[in-house]
Amino acid sequence: MNGWSRVFDFCAAGFTQGSGAKGGIFISRYEGRDDLHLGFWNMAISAAGECRATGIISNDAFAHYAVTVSSTGACIWYKNNVAWRNYWSTGNGTQTNVNNGSTAGAGVTLPTSDAKSSLRIGRSHWNDTYLTGSIRNLAIYNGTLTSAQVTTNYNGQTAAYISEIKPTIASASITGTAQVGTQLTAVRGSTTGTISTTSYQWRRADTSGGSYSDIASATNSTYTPVSGDAGKYIQVIITVSNSGGSSSATSPATAQVPTSVTLTTPAAPTVSATSNTLKSISVSWSAISSASSYTLKLYSAIGTLLSTTGLSNRSGTTATITTSNFASLGDSTSYKVSITAIGNGTSYLDSTESTKSDVTTNALPGSPNITTQPQARTAIANATATFSVTATSPDSGALGYQWQVNTGSTWENVATGTGATTNSYTTAPLDLSANGYQYRVNITNSKNGAISTALTSNVASLTVNSVNQRAMITLSPGVLTFRQAKSVTATVSVAGRVTFKANGKLIPGCSKKAVIAGGTATCSYTPSIRGSVTITASFDPTDSSYVGVITSVNSVVAGRSGLRGG
């Protein structure tokens with residue numbers, strides 16, 4: 001719709017602008033704006049009315065419009081079944097955000113029925129432009145429709161029309177660098193109407209303004225030029241469609257696709273010492289589009305090239321560098337590694353070398369440390385004995401143990417018992433013949449696929465006694481003198497505790513005195529009476545294979561010399 005182009009113009013025969021006796025009625029665009037204008041003349045009473053809905057027109061799109069006029073001159077415009085709210089009305093000036101307009105008030109009536117004697121749709125009785133658009137249905141009623149009747153009319157007429165508007169597309173363009181192996185993207189410009197589908201067709205030509213031909217199967221929104229596109233120019237046609245038709249736009253041509261392309265420089269590779277392996281470096285990298293292979297380079301820590309042996313023409317995105325690639329590859333040594341993408345030598349040229357990545361190979365495992373040595377053990381016949389050791393790894397490696405026994409002249413791995421390869425070993429039930437056996441443990445540290453030299457513990461001896469062997473105690477009270485302190489001693493055969501008593505009473509400070517095997521317990525005793533006294537020593541062995549013992553000695557407490565008379 002444009003200018004004052006009419007949707008319809010009904011008037012009495014012979015009616016022209018400014019003359020005639022009957023008048024007419026019309027709806028038109030208002031002066032090229034997006035306003036719909038209802039106007040009528042009743043020349044018999046020299047009256048005119050009009051009601052204009054401002055901004056109601058949707059260009060290049062179907063819509064359902066309705067306008068009702070009441071007997072009082074009030075008008076309501078509808079668009080797609082929704083009452084419009086912006087009006088300009090004769091006699092009322094400009095009105096915004098109101099529910100309805102006015103045709104200039106009551107008393108202005110429509111023309112007489114003979115206005116229908118000259119009917120024009122899409123054009124005017126005067127020299128206004130023709131309607132540029134489509135009218136699917138036009139209905140005029142001789143009474144004011146209610147909002148419900150407008151809804152019924154809308155539901156019955158509109159649904160089949162809205163989707164039939166042919167869409168338009170303003171432009172098409174391409175983003176991305178035109179080169180083999182690099183993706184191009186089609187960009188759709190602004191469109192109008194409902195878009196059901198968008199399709200693409202990529203094309204190429206020998207010259208920018210030459211004759212373009214479709215590229216087979218290149219019908220997506222993106223396209224990656226191939227070797228056959230080298231030296232060509234690329235464009236894309238974008239088509240938008242719906243049930244009403246389709247429109248297309250052709251993009252400008254790209255720059256000429258180069259005949260050879262240098263591959264993208266890879267990112268620095270990811271490198272690490274190979275897990276649980278000495279003299280080995282694991283390398284991984286991101287794939288480069290159109291690369292035919294990759295070349296790795298091994299450098300010293302200061303950047304001196306060491307080797308590419310076996311590191312060229314590598315496929316995939318991972319590799320392992322070992323002594324097969326560089327015979328002098330060391331343990332706990334720092335290196336640098338780079339990666340280069342290799343082209344096919346024609347359309348794809350080799351990339352530049354990546355940034356170098358630093359890595360240090362794994363170290364040999366350190367020697368373990370023993371913090372608690374195995375201790376000598378005493379056991380009774382047919383019982384077991386347990387030897388243990390506490391050790392640590394200096395580098396969080398895994399410790400290994402192997403217990404050994406010397407039964408007379410040589411050391412051998414233990415063949416019986418439990419825990420032979422743990423930090424705690426328990427013998428099988430012992431025979432008296434095992435008395436004097438010696439035990440030790442070899443400890444290793446494993447890490448990075450290697451095992452350290454074994455560290456051997458101290459030797460621990462085993463004593464095997466008969467069942468319930470009695471402990472031995474020797475008591476030496478010496479000469480006792482009234483009210484003079486005397487050291488009473490008891491010598492024992494095995495470790496334990498000794499308690500001293502005099503005449504059955506505990507000697508103060510002499511309860512459960514600790515003593516080692518073959519050691520002597522001492523008690524300070526000051527006799528408080530003269531005459532006969534019995535000194536008793538009770539011995540409780542620490543080792544349960546021994547039975548405790550009590551021994552007594554009778555002694556006489558002599559008076560002190562040089563006593564004062566009295």
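Biologist: In which loop is serine 290 found?
Modeller: This is a predicted model. Strand 23 covers 281–284 and strand 24 covers 293–300. Serine 290 is found in the loop between strand 23 and strand 24.

Biologist: What is the phi of serine 290?
Modeller: Most residues other than glycine have a negative phi. Serine 290 is not a glycine, yet its phi is positive. The value is about 75°.

Biologist: Is serine 290 buried, partly exposed or exposed?
Modeller: Buried means under 20% relative accessible area, and exposed means over 50%. Serine 290 has a relative accessible area of 29%, so it is partly exposed.

Biologist: Where is lysine 512, and what is its phi?
Modeller: Lysine 512 is found in the loop between strand 46 (505–506) and strand 47 (513–515). Lysine 512 is not a glycine either, but its phi is positive, at about 50°.

Biologist: Is lysine 512 buried or exposed?
Modeller: The cut-off for exposed is over 50%. Lysine 512 has a relative accessible area of 56%, so it counts as exposed.

Biologist: How many residues apart are phenylalanine 387 and tyrosine 439?
Modeller: Phenylalanine 387 lies in strand 32 (residues 386–388). Tyrosine 439 lies in strand 37 (residues 438–447). The pair links distant parts of the chain, 52 residues apart.

Biologist: Which residues do ring pairs link into a cluster?
Modeller: Phenylalanine 387 and tyrosine 439 are both buried. Both belong to the cluster. Its members are Phe387, Trp403, Tyr425 and Tyr439.

Biologist: Over which ring does the charged end of arginine 530 sit?
Modeller: A charge over a ring must be within 6 Å of the ring centre. The charged end of arginine 530 is 4.1 Å from the centre. The ring is that of phenylalanine 482.

Biologist: And over which ring does the charged end of lysine 356 sit?
Modeller: The distance to the ring centre is 4.6 Å. The ring belongs to tyrosine 299.

Biologist: Is serine 251 buried or exposed, and which residues is it in contact with?
Modeller: Serine 251 is found in the loop between strand 20 (245–250) and strand 21 (261–262). Its relative accessibility is 4%, so serine 251 counts as buried. Leaving aside neighbours within four places in sequence, serine 251 is in contact with Ala172, Ser173, Ile174, Gln235 and Val236.

Definitions and conventions: Residues are numbered from 1 along each chain as its sequence is written. This is a predicted model: local features need pLDDT of at least 70, side-chain atom pairs count only at pLDDT 80 or more; totals for chains, interfaces and linings use all residues. Side-chain values use heavy atoms; hydrogens and water are left out. Helices (H or I, at least four residues) and strands (E, at least two) are DSSP runs, numbered from the N terminus. Buried means under 20% relative accessible area, exposed over 50%, partly exposed in between (1.4 Å probe, protein chains only). Rings of Phe, Tyr and Trp (its six-membered ring) pair if their centres lie within 6.5 Å; planes under 30 degrees apart count as stacked, over 60 as edge-to-face and the rest as tilted. A charge sits over a ring if NZ of Lys or CZ of Arg is within 6 Å of the ring centre and within 35 degrees of the ring normal. Contact means heavy atoms within 4.5 Å.
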